[in-house]
Amino acid sequence: GLLRDPMSASTWMEFLGGSPPTPAGQRATSPTELAAANGALASKEAQLELMGAMLKAAEDELTIKSEQLALTTEMLRATDGELQRKEEALAITTQMLRTADTELARREREVAHLKDALLRT
């Protein structure tokens with residue numbers, strides 16, 4: 001009859017000043033269920049806060065690693081520049097030694113010619 005139909009029963013309850021009607025097939029939530037739901041929600045919120053803090057820590061670590069990488073890159077550039085200057089200096093020194101070697105060979109030939117000229121006289 002009338003009370004077996006959920007919609008009619010909840011409408012009847014509302015008319016009598018009871019709890020507000022709930023959709024068909026559902027029942028009102030008890031205070032215990034609300035407390036459990038609030039606890040679960042608080043737990044999820046705490047998990048999200050923890051995950052947010054972990055994400056922030058990971059971002060901070062990435063920022064530090066990025067700064068370290070930039071510093072290392074700058075140091076490598078400086079070292080590379082220094083190495084290039086040393087290579088240039090070495091090339092100049094090598095060229096000067098070749099020139100000196102050529103000059104020495106030329107003078108040795110002059111000395112040999114002078115000795116020959118002295119021996120002939």
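Buried means under 20% relative accessible area, exposed means over 50%, and partly exposed lies in between (1.4 Å probe, protein chains only). Keep those cut-offs in mind.

This is a predicted model, in which local features need pLDDT of at least 70 and side-chain atom pairs count only at pLDDT 80 or more, while totals for chains, interfaces and linings use all residues. Residues are numbered from 1 along each chain as its sequence is written, and side-chain values use heavy atoms, with hydrogens and water left out.

Start with the overall fold. The protein has 2 helices and 0 strands. Helices (H or I, at least four residues) and strands (E, at least two) are DSSP runs, numbered from the N terminus. Helix H2 covers residues 31-120.

Buried residues make up 2% of the 121 residues. The protein exposes about 11000 Å². Carbon and sulfur atoms supply 64% of that area. Accessible areas come from the Shrake-Rupley method with a 1.4 Å probe; for residues, only the protein chains shown count as cover.

Next come the charged pairs. Side chains of opposite charge can pair when their charged atoms come close. A salt bridge is a side-chain nitrogen of Lys or Arg within 4 Å of a carboxyl oxygen of Asp or Glu. By this rule the protein has 6 salt bridges.

Take Asp60 and Lys56. They form a salt bridge, and their closest N and O atoms are 2.8 Å apart. Both sit in helix H2, 4 residues apart, so about one helical turn separates them. Asp60 is partly exposed, at 34% relative accessible area. Lys56 is partly exposed too, at 45%.

Move along to Lys86 and Glu82. Here the closest N and O atoms of the salt bridge are 3.6 Å apart. Lys86 and Glu82 also lie in helix H2, 4 residues apart, about one turn of the helix. Lys86 counts as exposed, with 54% relative accessibility. Glu82 counts as partly exposed, with 41%.

Finish with Arg106 and Glu103. Their side chains meet in a salt bridge of 2.5 Å, N to O. Both lie in helix H2, 3 residues apart, which is about one turn of the helix. Arg106 is partly exposed at 33% relative accessibility. Glu103 is partly exposed at 30%.
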